[in-house]
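Me: I am new to this structure and would like to learn how to read it, step by step. Could you take me through it with the general idea ahead of each case?

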Amino acid sequence: MTALLYAALSLAAQAEPTVLLADGFDGGPGVDRGVWETETHRQGRGQFGEMGEVGEDGVLRLSVSDDGEGGFAQELIKTREAYLPRPGHTLVFQARLRIPHAQEGIIHAFWMYEQSRRDGAMRSDEIDFEWLTTQTAGAKDDPVLVSSYIDWNVDERKYETLRDPVYGSHVGDSVKSGADTADWHIYTLTWRQGALDTFIEAEDGSQRRLVSYRGDLVPDGEMHLYLSSWVPPVDWTEAHDEDFQPRAEGEGVRSFPMEVDWVRVAELPD
Ligand SMILES: [Ca+2]
(Lines give C-alpha, C1' and ligand atoms only; values in the text may rest on other atoms or scores of the structure.)
Protein backbone atom coordinates (compact mmCIF):
# COMPACT_ATOMS: atom_id res chain seq x y z
CA MET A 1 0.00 0.00 0.00
CA THR A 2 2.81 2.38 0.81
CA ALA A 3 4.18 2.08 -2.70
CA LEU A 4 0.74 2.77 -4.13
CA LEU A 5 0.34 5.86 -2.03
CA TYR A 6 3.71 7.22 -2.99
CA ALA A 7 3.14 6.51 -6.65
CA ALA A 8 -0.31 8.07 -6.65
CA LEU A 9 0.86 11.15 -4.88
CA SER A 10 4.37 11.50 -6.29
CA LEU A 11 5.46 12.38 -2.81
CA ALA A 12 8.91 12.27 -1.33
CA ALA A 13 9.82 8.77 -0.24
CA GLN A 14 10.67 9.91 3.29
CA ALA A 15 7.00 10.70 4.07
CA GLU A 16 5.50 8.01 6.28
CA PRO A 17 1.74 7.49 6.01
CA THR A 18 -0.35 6.92 9.10
CA VAL A 19 -3.04 4.37 8.32
CA LEU A 20 -6.34 5.53 9.79
CA LEU A 21 -8.53 2.78 8.34
CA ALA A 22 -7.70 -0.43 6.46
CA ASP A 23 -10.55 -2.84 5.79
CA GLY A 24 -10.12 -5.77 3.43
CA PHE A 25 -13.58 -7.17 4.20
CA ASP A 26 -11.86 -10.47 4.93
CA GLY A 27 -13.54 -11.26 8.22
CA GLY A 28 -17.16 -11.79 7.03
CA PRO A 29 -19.96 -12.53 6.95
CA GLY A 30 -20.83 -8.86 7.53
CA VAL A 31 -18.92 -5.60 7.67
CA ASP A 32 -17.25 -4.51 10.90
CA ARG A 33 -19.93 -2.55 12.72
CA GLY A 34 -17.32 -0.94 14.91
CA VAL A 35 -16.04 0.82 11.79
CA TRP A 36 -19.11 1.10 9.60
CA GLU A 37 -22.75 2.00 10.03
CA THR A 38 -25.60 2.56 7.56
CA GLU A 39 -28.54 4.86 6.91
CA THR A 40 -32.19 3.96 6.50
CA HIS A 41 -33.76 6.72 4.42
CA ARG A 42 -35.30 6.68 0.97
CA GLN A 43 -33.13 8.09 -1.80
CA GLY A 44 -34.01 8.27 -5.47
CA ARG A 45 -36.32 5.35 -6.30
CA GLY A 46 -35.26 3.03 -3.50
CA GLN A 47 -34.84 2.48 0.20
CA PHE A 48 -31.55 2.16 2.09
CA GLY A 49 -31.31 -0.14 5.08
CA GLU A 50 -28.73 -2.91 4.62
CA MET A 51 -24.92 -2.86 4.67
CA GLY A 52 -24.20 -5.34 1.87
CA GLU A 53 -22.78 -8.84 1.97
CA VAL A 54 -19.19 -9.92 2.57
CA GLY A 55 -18.31 -13.04 0.60
CA GLU A 56 -15.84 -15.79 1.43
CA ASP A 57 -13.72 -14.19 -1.31
CA GLY A 58 -13.13 -11.17 0.93
CA VAL A 59 -15.26 -8.90 -1.24
CA LEU A 60 -18.05 -6.64 -0.03
CA ARG A 61 -21.03 -6.47 -2.38
CA LEU A 62 -23.18 -3.36 -2.09
CA SER A 63 -26.22 -3.94 -4.27
CA VAL A 64 -29.40 -2.56 -5.69
CA SER A 65 -31.93 -5.40 -5.52
CA ASP A 66 -35.60 -6.05 -5.97
CA ASP A 67 -37.06 -5.93 -2.48
CA GLY A 68 -39.62 -8.64 -3.34
CA GLU A 69 -42.49 -6.25 -2.66
CA GLY A 70 -42.41 -4.15 -5.82
CA GLY A 71 -39.65 -1.76 -4.79
CA PHE A 72 -35.88 -1.37 -4.86
CA ALA A 73 -33.62 -2.16 -1.87
CA GLN A 74 -30.40 -0.13 -1.75
CA GLU A 75 -27.23 -0.66 0.30
CA LEU A 76 -24.84 1.77 1.95
CA ILE A 77 -21.95 1.80 4.38
CA LYS A 78 -20.60 4.89 6.12
CA THR A 79 -17.62 5.25 8.46
CA ARG A 80 -18.47 6.08 12.04
CA GLU A 81 -15.35 8.24 11.93
CA ALA A 82 -15.44 11.67 10.26
CA TYR A 83 -12.34 13.01 8.54
CA LEU A 84 -10.86 16.47 8.03
CA PRO A 85 -7.29 17.15 6.85
CA ARG A 86 -5.09 18.78 9.46
CA PRO A 87 -2.94 21.70 8.36
CA GLY A 88 0.18 20.38 6.66
CA HIS A 89 -1.31 16.94 6.05
CA THR A 90 -3.03 15.12 3.20
CA LEU A 91 -5.75 12.55 3.71
CA VAL A 92 -5.72 9.71 1.18
CA PHE A 93 -8.93 7.74 0.60
CA GLN A 94 -8.70 4.61 -1.56
CA ALA A 95 -10.96 1.78 -2.65
CA ARG A 96 -10.33 -1.20 -4.91
CA LEU A 97 -13.62 -1.91 -6.62
CA ARG A 98 -15.43 -3.00 -9.75
CA ILE A 99 -18.95 -2.95 -11.17
CA PRO A 100 -19.46 -6.38 -12.74
CA HIS A 101 -23.01 -6.08 -14.08
CA ALA A 102 -24.55 -4.44 -17.15
CA GLN A 103 -27.84 -3.17 -15.71
CA GLU A 104 -28.52 0.45 -16.60
CA GLY A 105 -30.27 2.90 -14.30
CA ILE A 106 -28.14 2.39 -11.17
CA ILE A 107 -25.56 4.61 -9.47
CA HIS A 108 -22.61 3.17 -7.56
CA ALA A 109 -20.60 5.61 -5.50
CA PHE A 110 -17.45 6.05 -3.39
CA TRP A 111 -17.89 9.37 -1.66
CA MET A 112 -17.74 11.62 1.40
CA TYR A 113 -20.52 13.54 3.06
CA GLU A 114 -21.65 15.52 6.07
CA GLN A 115 -24.55 17.87 6.62
CA SER A 116 -25.57 20.27 9.38
CA ARG A 117 -27.67 23.38 9.84
CA ARG A 118 -25.57 26.49 9.26
CA ASP A 119 -25.98 29.91 7.65
CA GLY A 120 -29.75 29.61 7.79
CA ALA A 121 -30.16 26.31 5.97
CA MET A 122 -29.37 22.60 6.10
CA ARG A 123 -26.08 22.54 4.22
CA SER A 124 -23.80 19.74 3.08
CA ASP A 125 -20.20 19.17 2.14
CA GLU A 126 -19.59 16.33 -0.29
CA ILE A 127 -16.97 14.78 -2.55
CA ASP A 128 -18.04 12.05 -5.00
CA PHE A 129 -16.86 9.37 -7.33
CA GLU A 130 -20.07 8.22 -9.05
CA TRP A 131 -20.59 5.65 -11.77
CA LEU A 132 -23.85 5.98 -13.70
CA THR A 133 -24.54 2.57 -15.18
CA THR A 134 -26.56 4.13 -18.00
CA GLN A 135 -23.13 5.33 -19.15
CA THR A 136 -20.89 2.46 -18.08
CA ALA A 137 -22.92 -0.68 -18.85
CA GLY A 138 -21.47 -2.39 -21.91
CA ALA A 139 -18.93 0.38 -22.46
CA LYS A 140 -15.13 0.25 -22.15
CA ASP A 141 -13.94 3.85 -21.73
CA ASP A 142 -16.26 4.56 -18.85
CA PRO A 143 -17.00 8.02 -17.52
CA VAL A 144 -16.82 8.71 -13.80
CA LEU A 145 -18.61 11.69 -12.33
CA VAL A 146 -16.42 13.58 -9.84
CA SER A 147 -18.23 16.23 -7.82
CA SER A 148 -17.56 18.64 -4.99
CA TYR A 149 -20.17 20.41 -2.87
CA ILE A 150 -19.36 23.13 -0.34
CA ASP A 151 -21.99 24.47 2.07
CA TRP A 152 -24.57 23.29 -0.45
CA ASN A 153 -28.18 24.03 0.48
CA VAL A 154 -29.89 20.66 0.75
CA ASP A 155 -33.36 22.23 0.71
CA GLU A 156 -32.81 24.84 -2.04
CA ARG A 157 -30.91 22.70 -4.51
CA LYS A 158 -29.07 24.33 -7.37
CA TYR A 159 -26.16 22.99 -9.36
CA GLU A 160 -23.09 24.67 -10.84
CA THR A 161 -23.16 27.59 -8.44
CA LEU A 162 -20.19 29.01 -6.57
CA ARG A 163 -20.39 30.54 -3.09
CA ASP A 164 -23.99 31.55 -3.59
CA PRO A 165 -25.42 32.82 -0.29
CA VAL A 166 -28.61 30.83 -0.82
CA TYR A 167 -27.50 27.75 -2.77
CA GLY A 168 -23.85 27.30 -1.79
CA SER A 169 -21.35 25.71 -4.17
CA HIS A 170 -21.40 22.74 -6.50
CA VAL A 171 -19.03 21.69 -9.24
CA GLY A 172 -19.07 18.40 -11.14
CA ASP A 173 -17.07 16.90 -13.98
CA SER A 174 -17.83 13.74 -15.90
CA VAL A 175 -14.48 12.45 -17.16
CA LYS A 176 -13.52 9.46 -19.23
CA SER A 177 -11.56 7.16 -16.96
CA GLY A 178 -9.82 5.30 -19.77
CA ALA A 179 -11.04 2.15 -18.07
CA ASP A 180 -13.81 -0.41 -17.99
CA THR A 181 -15.36 -0.28 -14.53
CA ALA A 182 -16.19 -3.98 -14.86
CA ASP A 183 -12.47 -4.52 -14.15
CA TRP A 184 -10.75 -4.02 -10.81
CA HIS A 185 -9.28 -0.57 -10.28
CA ILE A 186 -8.03 1.41 -7.33
CA TYR A 187 -9.73 4.78 -7.01
CA THR A 188 -7.86 7.37 -4.95
CA LEU A 189 -9.04 10.67 -3.56
CA THR A 190 -6.50 12.94 -1.88
CA TRP A 191 -7.70 15.84 0.21
CA ARG A 192 -5.69 18.54 1.92
CA GLN A 193 -6.72 22.07 2.80
CA GLY A 194 -7.69 23.77 -0.47
CA ALA A 195 -6.74 20.85 -2.73
CA LEU A 196 -8.66 17.83 -3.95
CA ASP A 197 -7.25 15.32 -6.47
CA THR A 198 -8.67 12.09 -7.86
CA PHE A 199 -6.87 9.20 -9.54
CA ILE A 200 -7.53 5.80 -11.09
CA GLU A 201 -5.01 2.97 -11.03
CA ALA A 202 -5.33 -0.19 -13.11
CA GLU A 203 -4.20 -3.71 -12.23
CA ASP A 204 -1.01 -3.21 -14.25
CA GLY A 205 -0.04 -0.28 -12.02
CA SER A 206 -0.76 2.39 -14.63
CA GLN A 207 -2.29 5.51 -13.14
CA ARG A 208 -4.02 8.58 -14.39
CA ARG A 209 -5.30 11.72 -12.78
CA LEU A 210 -9.02 12.24 -13.17
CA VAL A 211 -10.10 15.61 -11.73
CA SER A 212 -8.42 18.19 -9.50
CA TYR A 213 -10.12 21.03 -7.64
CA ARG A 214 -8.46 23.90 -5.83
CA GLY A 215 -9.31 26.71 -3.45
CA ASP A 216 -12.99 27.40 -2.87
CA LEU A 217 -13.97 24.31 -4.89
CA VAL A 218 -12.71 22.16 -2.01
CA PRO A 219 -14.84 21.32 1.06
CA ASP A 220 -13.45 22.45 4.40
CA GLY A 221 -15.67 20.59 6.85
CA GLU A 222 -15.25 17.10 8.27
CA MET A 223 -16.97 14.30 6.38
CA HIS A 224 -17.70 10.61 6.70
CA LEU A 225 -16.58 8.15 4.02
CA TYR A 226 -19.39 6.32 2.20
CA LEU A 227 -19.87 3.55 -0.35
CA SER A 228 -23.35 2.97 -1.75
CA SER A 229 -25.52 1.63 -4.56
CA TRP A 230 -28.86 3.25 -5.39
CA VAL A 231 -31.45 3.99 -8.06
CA PRO A 232 -31.49 7.66 -9.10
CA PRO A 233 -34.67 9.74 -9.36
CA VAL A 234 -36.54 9.97 -12.66
CA ASP A 235 -35.53 13.62 -13.14
CA TRP A 236 -31.80 12.78 -13.19
CA THR A 237 -32.10 12.07 -16.89
CA GLU A 238 -28.45 11.09 -17.48
CA ALA A 239 -28.73 8.40 -14.82
CA HIS A 240 -32.34 7.23 -15.08
CA ASP A 241 -33.36 4.20 -17.14
CA GLU A 242 -37.12 3.99 -17.57
CA ASP A 243 -36.83 0.30 -18.50
CA PHE A 244 -35.34 -0.49 -15.09
CA GLN A 245 -38.33 -1.19 -12.87
CA PRO A 246 -38.59 -3.28 -9.71
CA ARG A 247 -40.06 -6.73 -10.03
CA ALA A 248 -43.37 -7.46 -8.39
CA GLU A 249 -43.75 -9.87 -5.48
CA GLY A 250 -43.22 -13.46 -6.59
CA GLU A 251 -41.30 -12.59 -9.78
CA GLY A 252 -37.90 -13.28 -8.22
CA VAL A 253 -35.19 -11.02 -6.93
CA ARG A 254 -32.32 -9.62 -8.99
CA SER A 255 -29.23 -8.11 -7.39
CA PHE A 256 -26.80 -5.65 -9.04
CA PRO A 257 -23.67 -5.11 -6.93
CA MET A 258 -20.67 -2.88 -6.74
CA GLU A 259 -17.86 -5.14 -5.52
CA VAL A 260 -15.39 -3.65 -3.05
CA ASP A 261 -12.19 -5.55 -2.26
CA TRP A 262 -10.77 -3.06 0.25
CA VAL A 263 -10.95 0.48 1.57
CA ARG A 264 -8.10 2.44 3.11
CA VAL A 265 -7.68 5.86 4.66
CA ALA A 266 -4.24 7.24 5.44
CA GLU A 267 -2.72 10.54 6.46
CA LEU A 268 0.50 11.87 4.98
CA PRO A 269 2.56 14.82 6.19
CA ASP A 270 3.37 17.34 3.48
CA1 LIG B 1 -10.77 -8.08 0.28
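Me: What radius of gyration does the protein have, and how does it agree with that of a compact globule?

Reply: This is a predicted model, in which local features need pLDDT of at least 70 and side-chain atom pairs count only at pLDDT 80 or more, while totals for chains, interfaces and linings use all residues. Residues are numbered from 1 along each chain as its sequence is written. The radius of gyration is taken over C-alpha atoms, and the globule rule is 2.2 Å times the number of residues to the power 0.38. For 270 residues a compact globule would have a value near 18 Å, and the protein has 18 Å, which agrees. Along the principal axes, its C-alpha atoms fill a box of roughly 60 × 45 × 35 Å.

Me: How many helices and strands are there in the protein?

Reply: Helices (H or I, at least four residues) and strands (E, at least two) are DSSP runs, numbered from the N terminus. The protein has two helices and 17 strands.

Me: Why is strand E6 said to be largely enclosed by the rest of the structure?

Reply: A residue is buried if 20 or more other C-beta atoms, placed from the backbone, lie within 10 Å of its own, exposed if 12 or fewer, and partly exposed in between. In strand E6 (residues 60-66), six of the seven residues are buried, so the strand is largely enclosed.

Me: Which strand pairs with E6 over six bridges?

Reply: Two strands pair if DSSP finds at least two bridges between them. E6 and E17 pair in the antiparallel sense over six bridges, and Ser63 has Pro257 in E17 as its bridge partner. E6 is also joined by two bridges to strand E7 (residues 72-83), again antiparallel, with Ser65 opposite Ala73. In the hairpin of E6 and E7, five residues lie between the strands, and Gly68 takes a positive phi near 80°.

Me: Which residues touch the most other members of the largest nonpolar core?

Reply: A nonpolar core is a set of buried Ala, Val, Leu, Ile, Met, Phe, Trp, Tyr and Cys residues joined through C-beta atoms within 7 Å. Here the largest one has 57 residues, and Phe110 and Val260 touch the most other members. Strand E17 (residues 255-269) supplies the largest share of this core, seven residues. Two residues are in contact if their C-beta atoms lie within 7 Å; leaving aside neighbours within four places in sequence, the contacts of Val260 include Phe25, Leu62 and Leu227.
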